[in-house]
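Here is a short report on two ligands and the residues around them. Look at the structure first, then read on.

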Amino acid sequence: MKVSVIGAGSWGTAIAHLLGSAGNRVMLWARKPEVCEGINEGHRNPRYLVDSPISENVRASTSHAEVLEGAEAVVIVTPSNTMRETAVAIQPFITPETPIAICSKGVEEGTGLLPAEVFAEVLGGIERIAAMTGPNHAEEVIKRVPSGTVVASQGAETARVFQELFAAEWFRTYVSDDIIGAEICAAFKNVVAIAVGASYGMGFGDNTAALLMTRGSAEMSRLVEACGGQAMTCMGLAGMGDMIVTCMSEHSRNRTFGHRLAQGTTLDEYRAETHMVVEGAYACRTLHTLATKHGVDLPIADKVRSIVWDDVPPADVVSELLGRSLKPEFY
Ligand SMILES: NC(=O)C1=CN([C@@H]2O[C@H](COP(=O)(O)OP(=O)(O)OC[C@H]3O[C@@H](n4cnc5c(N)ncnc54)[C@H](O)[C@@H]3O)[C@@H](O)[C@H]2O)C=CC1
Ligand SMILES: O=C(CO)COP(=O)(O)O
């Protein structure tokens with residue numbers, strides 16, 4: 001199959017390698033010419049996952065026209081704040097039927113739209129769009145560490161196409177019809193990982209991390225249901241699976257950022273140190289837009305937002321969260 005992967009950061013590079021290793025002809029779109037040169041001439045990405053060789057079936061270009069020519073499937077792996085510009089950029093080069101899998105995790109600023117909703121708004125055809133999400137750190141997937149993911153789409157055929165495309169002996173793929181739930185979970189778990197990182201950064205323990213992850217999941221499922229998704233999705237790979245890996249893994253940028261926040265580092269300072277995207281820093285704000293629209297209370301996510309964007313010290317929110325009125329666990 002001829003597959004076009006848009007975005008050559010860590011995850012785009014790992015996905016291109018996964019697809020190329022299975023014998024697909026992969027064209028990878030990168031912003032920087034030196035990334036294309038490294039991949040085409042040395043089969044390595046010089047900026048991301050630099051130690052991992054990339055399949056010789058992967059070629060890279062900075063031209064959307066070249067990357068998308070003859071594409072039978074498109075995979076989107078650019079940061080979530082580029083969803084609309086990416087959809088507009090690929091529009092001239094794909095057909096109205098081309099299946100699109102989105103691997104980016106976030107919510108659009110201002111509109112509160114999910115990535116698939118942005119693509120459907122620009123390109124039409126929600127049924128040919130899927131979200132691929134789960135506990136999948138690029139650093140491990142590229143090394144064939146056994147992993148699993150979920151491909152969610154309102155189009156059963158689209159989900160099946162990508163389920164088969166992404167499957168490998170070490171990479172197990174499941175399908176779901178709940179793309180809303182999958183995309184909300186993908187954005188939400190990053191915010192909880194910031195809270196967990198901050199909690200460890202303040203010297204708290206595993207009990208606190210488990211409390212944040214569990215009550216964070218309760219918030220997440222309230223929002224999923226209010227937006228028309230299925231609460232059960234929060235129990236699956238897109239929900240609980242990704243929540244666990246992002247909150248507990250040494251690879252997690254969101255957890256690491258949370259840890260640094262607790263030590264006094266600001267978002268601007270952290271951004272200056274890394275060329276990697278920290279989606280949760282934006283999701284705590286954009287999820288708030290979505291939650292307000294649907295009248296859902298997100299206590300943990302809102303505290304993360306106040307720490308990241310209003311410079312509230314993490315220690316100040318602890319007593320506020322612990323001092324909320326007592327209530328039944330499920331209501
Ligand atoms: N790293 C991982 O293990 C995973 C990442 N994701 C998601 O995939 C998406 C991409 O993340 P990573 O590959 O980790 O990013 P990264 O931080 O490794 O690299 C960022 C990439 O985005 C590109 N980029 C930055 N600004 C851009 C713009 N304005 N237009 C187009 N491209 C731009 C950069 O050139 C680079 O290729 C994110 O939404 C992330 O949450 C999902 C699953 C796993
Ligand atoms: O989404 C991801 C893993 O599934 C990447 O985000 P983190 O690096 O914060 O874990």
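## What counts as near

A residue is near a ligand here if its C-beta atom, placed from the backbone, lies within 6 Å of that ligand. Keep in mind that this is a predicted model.

## Around ligand 2

By that rule, 13 residues surround ligand 2. The closest are Asn136, Thr246, Ser252, Arg253 and Asn254. Sorted by class, the shell holds seven polar, three charged and three nonpolar residues.

Three helices each supply at least two residues of this shell: helix 8 (179-201), helix 10 (237-248) and helix 11 (253-262). Helix 10 gives the largest share, three residues.

## Around ligand 1

Ligand 1 is surrounded by 23 residues. Gly9, Ser10, Trp11, Ala138 and Met276 are the closest. The shell has 11 polar, nine nonpolar and three charged residues.

Helix 1 (residues 10-21) gives the most to this shell, with three residues. Domain 1 and domain 2 each provide at least three residues.

## A closer look at helix 10

How many of the 12 residues of helix 10 are buried? The count is nine, so the helix is mostly covered. Among the buried ones are Leu237, Asp242, Val245 and Thr246.

What do the buried residues pack against? Their partners include strand 6 (129-133), strand 7 (147-153) and strand 8 (171-176). Helix 8, helix 9 (206-226) and helix 11 are also among them.

Note on methods:
Residues are numbered from 1 along each chain as its sequence is written. Chains are lettered from A and ligands numbered from 1 in the order in which they are written. This is a predicted model: local features need pLDDT of at least 70, side-chain atom pairs count only at pLDDT 80 or more; totals for chains, interfaces and linings use all residues. Helices (H or I, at least four residues) and strands (E, at least two) are DSSP runs, numbered from the N terminus. Ala, Val, Leu, Ile, Met, Phe, Trp, Tyr, Cys and Pro count as nonpolar, Asp, Glu, Lys and Arg as charged, and the others, Gly among them, as polar. Domain bounds come from an automatic or database domain assignment. A residue is buried if 20 or more other C-beta atoms lie within 10 Å of its own, exposed if 12 or fewer, and partly exposed in between; C-beta atoms are placed from the backbone. Two residues are in contact if their C-beta atoms, placed from the backbone, lie within 7 Å.
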